Amino acid sequence: MKFTLHKHSSTPLYQQICMQMVQRIQNGMLADGEQLPSLRTFADDLGVSLLTVRKAYKWLETKGYVSVQRGKGVYVKGQKTIPIPQPNLPYEWQRSLSYNIIRSQYLLNRKKQYYDFSQAVVYPRLLPTQFLADEMQKILDKNRMILATYGPVQGDEELRFAVSAYLEEQQGLTALPSNLIITSGVQQGIDLIAQTLLKPGDTVVVESPCYGAAIDVFMNKGINVLPIDVDEKGLRIDRLEEVCQKRKPVLVYVNPTFHNPTGTLMSEQRRRELVELAELYHFFIIEDDSFSEIYFDDFPLPRPIKYFDRNGHVLYIKGFSKTMAPGIRIAALLAEGPVYDWLYATKASMDIGSPLLTQKGILPFLRTERMRNHLQKLRIALQIRRDTSANILSSLGDSVQFHLPQGGLNLWVALPENVDAMSLLARANDASVSFLPGSSCFVHEPKHHYIRLSYSLLSDHDLTVGLEKLCEILSTELAGL
């Protein structure tokens, strides 16, 4: 039974033990009647005093989680859902929210085609793959034992300091290294938050349309998912306020900067208003920042939503996979207050720690001018692909509609309402062309005449050939209407 204690946390050690013990009881990892370690054994395993363990067991006994049988030991006593009290600290609003861990998984299978517009992934030759491979080889040559070493639950300390400096420089965010948790990509960050903060029956608000994998995380945990429309300025805050007046969402998930799938850029005013609503109605915001480095016009981007947060309402996830390499699967989750400790405990039970080699491998990239130069070249290359895609699609005239994004990897295309994207996909597959049907980006009432085209994955030549093939198929379809 492995417990991980964060000894520099503001949460007392005995409470961290209680939190992790309750999680294991609630999710069935500790069965009713199971005997727990003795005081001395548990204290030695954790490297804490007997008094710390005694206080933890006493609290668990008082709340009905365990029974202490004199002379025999301490035994699990059923499953409870009693919230754990916290000390009187800032971020007080967080303490009124219960949290639980519910494990689930999903698998998304896509039929691979040669002209693949379905994946928001960057063309491999535009990424610093060789540089990262060389850096990792240097690390292995110097210390092969890194492959036999668990990474810290919180993430490599050097990387957390480097990410902290990066966020300060690039986003204007003050992110203390002690408030960062390194995750295996943005997707794990979303799942980590969901496992920690949500239980079946809770309400989560998402954008409509929305990043499909985020929808899957929430739906597969038995959560009530409420979609709210996105317009040209981002999430409709007026609609969100109407929802908050009738329901009490625990969480709002947004992808505000070059939104996936629409490419929309949320205005600064709406970012501020979203934080104000979170303060008024006491909900968390997941800010998914996967694309903010990929902008095409020379203008200042709005500050992250996290920039306007003063009370720990925003859980900010910065992804690095899109701009460095999909295979590294690294992101950083920024949180403060008690929720940080809850996330830390959940991460400890989820995977013990993210891979150390990839964390060390990207350090030189984050610390040098090479990162800045890479991003500048990447933006130029992707802007060319965006413009090529828009020009080819424009040949279809007004029969298709799309907003030209100022950044990101995707075009969100509206077809005539009587065109079914799934039927179109079947015909496109026959020509080795694929795209993402827009229906996968909606929750309850999918709209079947949208498609998402990712212009980032193919070479310039294949992008042109593939889109011309798709336009031929669309022209035939439109001619038959």
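Predicted model: local features only at pLDDT ≥ 70, side-chain atom pairs only at ≥ 80, totals over all residues.
Which residue in strand 9 is the bridge partner of Leu251? View A gives the answer.

View A. Residues are numbered from 1 along each chain as its sequence is written, and side-chain values use heavy atoms, with hydrogens and water left out. Helices (H or I, at least four residues) and strands (E, at least two) are DSSP runs, numbered from the N terminus. Leu251 has Phe284 in strand 9 as its bridge partner. Strands 8 and 9 run parallel, joined by four bridges; strands pair if DSSP finds at least two bridges between them. Strand 5 also pairs with strand 8 in the parallel sense, over three bridges.

**View B. Helix 7 (residues 212–219) is largely enclosed by the rest of the structure.** Six of its eight residues are buried (under 20% relative accessible area; exposed is over 50%, partly exposed in between; 1.4 Å probe, protein chains only). Among them are Ile215, Val217 and Phe218. The buried residues pack against helix 6 (185–197) and strands 5, 6, 8 and 9, with contact meaning heavy atoms within 4.5 Å.

**View C. Strands 12-13-16-15 form an open antiparallel sheet.** Strand 12 (401–402) and strand 15 (436–437) are the edges, each with a single partner strand, so one side of each lacks a neighbour in the sheet. Two bridges link strand 12 to strand 13 (residues 410–414). Gln401 has Ala414 as its bridge partner.
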